[in-house]
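Keep the sequence and the structure side by side.

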Amino acid sequence: MMAATLMQVLDTTIANVALPHMRGALSAATDQITWVLTSYMVACAIATAPTGYLANRFGRKRVFIIAVIGFTIASILCGMATSLPEMVTFRILQGLFGACLVPLSQAVMLDSYPPQQHGQAMALWGMGVMIGPILGPVLGGWLTEYYNWRWVFYINVPIGILSVLGLMAALPPDRESTAKPLDVGGFVALSVAIAALQLMLDRGETLDWFSSPEIIAEAFVAILALYLFVAHSMTTARPFVSPVLFADRNFTAGLVMISVVGVVLFATSALLPPFLQNLRNVPATTTGLALAPRGVGTMIAMHVVGKIIGRIDARPLMLAGLILTAYSLYWMAEFSLDVPITTLMLAGVVQGAGLGLVFVPLSTITFATLHAEHRGEATALFSLLRNVGSSVGIALAFAYQSRMLQHNHAQLVEHVNPFNPALAEYANAAGGLGSAAGLAQLMTDVQQQSAMLALIADFKAMMIGVLLAIPLLLLFRKAATTDNGQATTQIAHD
């Protein structure tokens with residue numbers, strides 16, 4: 001089960017390092033090739049929502065196995081794609097099949113262990129969900145460098161086959177259907193809202209945001225669809241997302257917190273490879289290895305948390321994780337173009353440890369006070385917010401970086417004039433501005449410094465977002481366990 005889950009989350013970032021190689025093979029522009037990433041995430045976000053209904057209607061085991069088979073076939077098709085439209089189509093198919101793997105695995109893990117062992121179970125589950133996106137660039141860079149970018153997708157085939165065989169042997173038989181009728185209206189409204197929002201964020205920077213009629217239309221559709229979804233959910237007898245879930249304070253706070261985690265985890269993974277490859281001219285394999293220590297930090301933190309989560313309140317652990325994550329982003333905001341790779345790796349270890357300290361307790365306390373009958377729907381919504389946070393975070397990070405790059409470039413160019421003594425000294429050392437080589441070198445340096453400052457601005461913005469999430473810890477309630485093993489709710493007075 002965890003092999004299937006790891007395979008799905010791995011594909012959210014495994015193609016990051018391979019994008020420059022895929023762009024030429026698929027004849028795609030720079031702003032078009034990012035659809036290989038975002039199309040998968042949007043499809044995952046949309047298809048995650050009905051996971052609870054599908055599992056109740058057709059059985060968890062049946063849905064799980066069909067999803068792995070579909071995901072594996074879609075991976076083969078992605079590896080065989082010869083054009084960008086084909087690749088985007090197959091990535092959407094891959095996302096649709098893979099969407100239910102994470103929430104189903106979480107629900108099965110929670111149901112397979114008693115409440116007092118949920119912390120250990122979530123530590124194991126969290127390793128797959130958190131380390132997959134971090135190890136994606138490492139594996140993707142190695143496969144791209146020594147084989148071909150198509151193996152980024154073909155690698156899923158043997159894992160998928162073994163996962164199907166294991167699931168058929170290990171999962172218990174499905175019980176009788178307990179599904180209520182699917183609220184088609186609510187599902188369609190939520191799907192349209194997510195898709196329109198992602199389109200607006202992806203194309204906003206290219207089309208100059210709200211000066212474009214397309215962006216205005218997409219924003220209007222997203223707001224209208226979200227309004228219709230909320231209004232429909234509050235008035236229909238059997239809504240697609242039950243409002244009773246949001247009456248649980250732990251669950252509601254957990255949804256907000258997992259969105260923040262998704263933004264930091266995936267946005268950082270998406271921003272660092274272009275920095276290393278484009279600004280530092282680091283090979284794809286080295287880029288992947290430079291990002292790998294984040295996974296080491298996450299594994300160490302999750303292992304420790306899995307041992308102590310049952311004996312320590314989850315909130316102090318999450319507080320320590322958020323502080324470490326914010327500190328790592330503050331550290332990254334001090335980077336320059338000459339930052340040593342070892343420094344980048346150490347900052348990655350700190351960030352990975354921080355995210356690991358947040359994720360396991362968060363995955364436990366979010367569902368600690370929720371009734372078991374809502375678990376399938378709740379885990380689907382939890383994964384949905386993680387996916388939405390990830391896709392929105394990546395889009396906003398690149399949009400903000402592009403905007404700050406233009407701003408920084410304009411500011412730096414203001415200092416390029418004959419009256420700047422520092423520039424004159426620099427120009428003389430580079431052969432003088434009168435030479436083509438000197439002028440070209442100057443413009444290259446201005447562009448690189450502008451890009452570096454834009455990356456730093458992204459890290460600062462994410463750090464502020466993490467710090468603003470800390471007060472959410474006050475909303476969580478501590479879950480106590482009674483003698484019969486059932487979780488009860490008590491408000492902590494400490």
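Contact here means heavy atoms within 4.5 Å. Helices are DSSP runs of H or I with at least four residues, numbered from the N terminus. The model is predicted, so local features need pLDDT of at least 70 and side-chain atom pairs count only at pLDDT 80 or more, while totals for chains, interfaces and linings use all residues. Residues are numbered from 1 along each chain as its sequence is written, and side-chain values use heavy atoms, with hydrogens and water left out.

Start with helix H13, residues 213-235. H13 has 23 residues and reaches 33 Å from its first C-alpha to its last. That is close to the 33 Å expected at 1.5 Å a residue, where the expected span is 1.5 Å times one less than the number of residues. Ser212 caps the N-terminal end of H13. One of its side-chain oxygens lies 3.2 Å from the backbone nitrogen of Glu214.

Which residues of H13 are buried? They are Ile215, Glu218, Ala219, Ala222, Ala225, Phe229 and Ser233. Buried means under 20% relative accessible area, exposed over 50%, and partly exposed in between, with a 1.4 Å probe and protein chains only. An α-helix has 3.6 residues a turn, so residues three or four places apart point the same way. The buried residues of H13 pack against helix H12 (184-204).

H12 also packs with helix H4 (residues 35-48). Their axes are 10 Å apart, at an angle of about 160°. Axes are lines fitted to C-alpha atoms over the stretch in contact, and angles run from 0 to 180 degrees between N-to-C directions. H4 is therefore roughly antiparallel to H12. Angles over 145 degrees count as roughly antiparallel, under 35 as roughly parallel, 65 to 115 as roughly perpendicular, and the rest as oblique. From H4, the contact uses Trp35, Thr38, Val42, Ala45 and Ile46. H12 brings residues including Phe187, Ile194, Leu199 and Arg203.

Now turn to helix H14 (residues 249-279) and helix H15 (residues 284-291). Their axes come within 10 Å and cross at roughly 135°. That makes H14 oblique to H15. Leu272, Pro273, Leu276 and Gln277 in H14 meet Ala284, Thr287, Ala290 and Leu291 in H15.

Finally, find Met127 in helix H9 (residues 118-146). Is Met127 buried or partly exposed? Met127 counts as partly exposed because its relative accessibility is 22%. Leaving aside neighbours within four places in sequence, Met127 is in contact with Gly132, Met299, Met302 and His303. Met127 and Ala301 are 174 residues apart in sequence, yet 9.7 Å apart in space, C-alpha to C-alpha.

Conventions
Helices (H or I, at least four residues) and strands (E, at least two) are DSSP runs, numbered from the N terminus. A polar contact is a pair of N or O atoms within 3.5 Å; within protein, one must be able to donate a hydrogen and the other to accept it, and residues adjacent in sequence count only if both atoms are side-chain atoms.
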